[in-house]
Amino acid sequence: MFSSSRMLGGLRDFAFVLIAAMTVLFFLLRLTGDPALVIAGEGASPAQIEAIRVEYGFDRSLIVQYGQTMLRLLQGDFGKSLTDGSPALGKVLASLPATLFLAAMALSLNLLISLPLGAWLGQKRTGAARRAVRGVLTVMQGFPGFVIALLLINLFAAGLEWLPSIGYGGPATWVLPVISVVSFLAPKLIRVVEANTHAALAADFVRTARSTGASENQILWRHVLPNALLGAVALIGAELAFMLTGLVVIETIFAWPGIGWLLVQSTLNLDFPVVQAVVFVMVVSVFLSNAVTEAVQALLDPRIRSRARAAS
Amino acid sequence: MSRSLSPAIVGAGVVGLFCLAVMIFGDALSGHDHRAIDLSMRLAAPLAPGHLLGTDELGRDVLARLLNGMRWSVGSALCATLIAFSIGTTFGLAAAHKGAWLGGALKLLTTFTQSFPSFVMAVTVIALLGDSGFWAVTLTLGLVTWPVFSRVVYAEASSLFQREYVQAAEMTGMSVARLYAHHVLPALVPTLSVLVVFHFAEMIVAESALSFLGIGAPLGAATWGAMLSEGRAFMLQAPWLTLGPAFAMVIIIVAAHSVGQHLRNLTR
């Protein structure tokens, strides 16, 4: 399915991005705050702070510290959280399931809504019902995710008191976060599926199928939808990658204990090792999600498959 | 699609003119100072005498605060878009015109910005730039998002430089400035104009998200994000504190989207 040279290229890019991310992060964090002050806490004497500096090696030159940090990262040592002393990577891995869970639920619901709705919209340009749905979508696209989250909390948690507003407990706490994420991801996906369905319906292979006497249903399921889905895979992949790094505000609003929430907390607390571990895990997840997207594209599209075979 | 003026684009035009008025006059349009505290008028509901959209927990006029927030958000989003546009277009053109390695670097950079959380970038860059002011946020947004432009410009311009009329112009010894002015830039205008408008809408959201989290705007400033964040404590008592900035934001974004859609239809 993949040529080995393409896979090597992908791995090389991944290594580069990972090193670049860790490097940029190291210098950004060191230039913005003094970790010794964070460890010492408020009210520490200058002597205490100095002692911590020596103990952790913060008194050495930035380049030496950078080298040491990278060496440790290479050995999988992310250090300990400055706030509670627990292993930084462990903290992140403990938060990862909550984010993955939210992303998986949002992704499934998004597909369940967007694919049929997009296909239905793409079948025809005219009609009152379709026009109304398009109007709703246009307005929906204007709602930022975190604004939807606040409005939903306003309505269902504060006003009607149907659902809990924050936390991560049973199914009742999942509803609002998932709906918030889906309601700003879905309009985009619906639009793309709609456009692709429309384009596929006008394509030669549909005309050919029709001329051979295939029914409209057969045409839609066998010829149009697979093609429309194909074009949507790239967007679905991008949305997945976005959910793995970009749910910072939604997770904060709902106090959802995922890596986005952890990222906000650790960045604001200047908890450098945890920030480093979160960013590391995010870069790896985005890489994996991109790799899966490419694999799915190749699986679905015989053209990409044959191109890859020809290249190898 | 028709080229006549649709209701959507007329509405967007009205929103645009209103924006312009707010940029010039600010909270003066509401007849109140957005910082004026009036403890006798706390949490007044909308349509209260003298306060069209009500007041907040300190008796400050919500409309005045909304207008001040609009000045801040729209101004920041405009400047950030301009910064991202300038850097991104320059880089994208350079990569498409000269240099195989620039194209490769661009791809890596795109992957990098996709996986590096922009929140960390924003927080640290704002901290580096010193005070949490307007320019710190605006510069950060521009500097974090420009690869969006370079990616699109690179893709479009690369195919442009393969076209015969551009290659012919290059071969006849046309100066680079003339080549760009006559053949390259005009061809990019349709795509770029749409992209600029949509990017502006995204910058509105990004700026508000940052100030919602308490990053960017100085503490206590009347920005949409800060207002949304403060309004959370009064969701039941005073939902207008949340609804005001939420709908202001949505109106601006929908207006920007309909302008983008209109531009897209025009150039098709």
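Chain B has 10 helices and zero strands, and its pattern along the sequence reads α-α-α-α-α-α-α-α-α-α. The C-alpha trace of chain B spans about 75 × 45 × 30 Å along its principal axes. Chain B has 268 residues, of which 47% count as buried.

Helix α4(B), residues 118–128, is mostly covered, with eight of its 11 residues buried. The buried positions are S118(B), F119(B), V120(B), A122(B), V123(B), T124(B), V125(B) and I126(B).

The confidence of the prediction can be stated for chain B and for the complex. Chain B has a mean pLDDT of 84, and 97% of its residues reach 70 or more. For the complex, the predictor gives an ipTM of 0.82 and a pTM of 0.85. Where pLDDT is low, predicted coordinates should not be read in detail.

**The contact between the chains**

Chain A contributes 37 residues to the contact, and chain B contributes 30 residues. On the side of chain A that touches chain B, the elements giving two or more residues are α1 (4–32), α6 (128–140), α7 (145–159), α10 (216–246), α11 (248–253), α12 (259–268) and α13 (272–300). Among these elements, α1(A) gives the most, with 10 residues. By class, this side of chain A has 28 nonpolar, eight polar and one charged residues.

**Helix packing in chain A**

Helix α10(A) also takes part in two helix pairs within chain A, one with α8(A) and one with α13(A). The table sets out their geometry.

| Helix pair | Angle between axes | Distance between axes |
|---|---|---|
| α8(A) and α10(A) | about 155 degrees | 8 Å |
| α10(A) and α13(A) | roughly 170 degrees | within 9 Å |

How are α8(A) and α10(A) oriented to each other, roughly parallel or roughly antiparallel? Their packing angle is about 155 degrees, and angles over 145 count as roughly antiparallel; α8(A) and α10(A) are therefore roughly antiparallel to each other. The crossing of these two helices is right-handed. From α8(A), which covers residues 171–201, the contact is made by V181(A), L185(A), K188(A), L189(A), V192(A), V193(A), N196(A), T197(A), A200(A) and L201(A). From α10(A), the residues are V224(A), N227(A), A228(A), G231(A), A232(A), L235(A), I236(A), E239(A) and M243(A). By class, this contact has 13 nonpolar, four polar and two charged residues.

In α10(A), L229(A), L230(A), V233(A), A234(A), G237(A), L240(A), A241(A), L244(A) and T245(A) take part. They meet M282(A), S285(A), V286(A), S289(A), N290(A), T293(A), V296(A), Q297(A) and L300(A) in α13(A). The contact of α10(A) with α13(A) has 11 nonpolar, seven polar and no charged residues.

**Individual residues in chain A**

Where in chain A is G122(A) placed? This glycine belongs to helix α5(A), residues 88–123. G122(A) has 25 other C-beta atoms within 10 Å, and a residue with 20 or more counts as buried, so G122(A) is buried. Leaving aside neighbours within four places in sequence, G122(A) is in contact with V193(A), E194(A), A195(A), N196(A), T197(A), H198(A) and A228(A). Among these partners, V193(A), N196(A) and T197(A) also belong to the contact of α8(A) with α10(A), as does A228(A). G122(A) and L201(A) are 79 residues apart in sequence, and their C-alpha atoms are 8.5 Å apart in space.

Conventions:
Residues are numbered from 1 along each chain as its sequence is written. Chains are lettered from A and ligands numbered from 1 in the order in which they are written. This is a predicted model: local features need pLDDT of at least 70, side-chain atom pairs count only at pLDDT 80 or more; totals for chains, interfaces and linings use all residues. Two residues are in contact if their C-beta atoms, placed from the backbone, lie within 7 Å. Helices (H or I, at least four residues) and strands (E, at least two) are DSSP runs, numbered from the N terminus. Ala, Val, Leu, Ile, Met, Phe, Trp, Tyr, Cys and Pro count as nonpolar, Asp, Glu, Lys and Arg as charged, and the others, Gly among them, as polar. A residue is buried if 20 or more other C-beta atoms lie within 10 Å of its own, exposed if 12 or fewer, and partly exposed in between; C-beta atoms are placed from the backbone. Axes are lines fitted to C-alpha atoms, for helices over the stretch in contact, and angles run from 0 to 180 degrees between N-to-C directions. Angles under 35 degrees count as roughly parallel, over 145 as roughly antiparallel, 65 to 115 as roughly perpendicular and the rest as oblique. A crossing is left-handed if the near helix is turned anticlockwise from the far one by less than a right angle, and right-handed if clockwise. pLDDT is the predictor's confidence in each residue, from 0 to 100.
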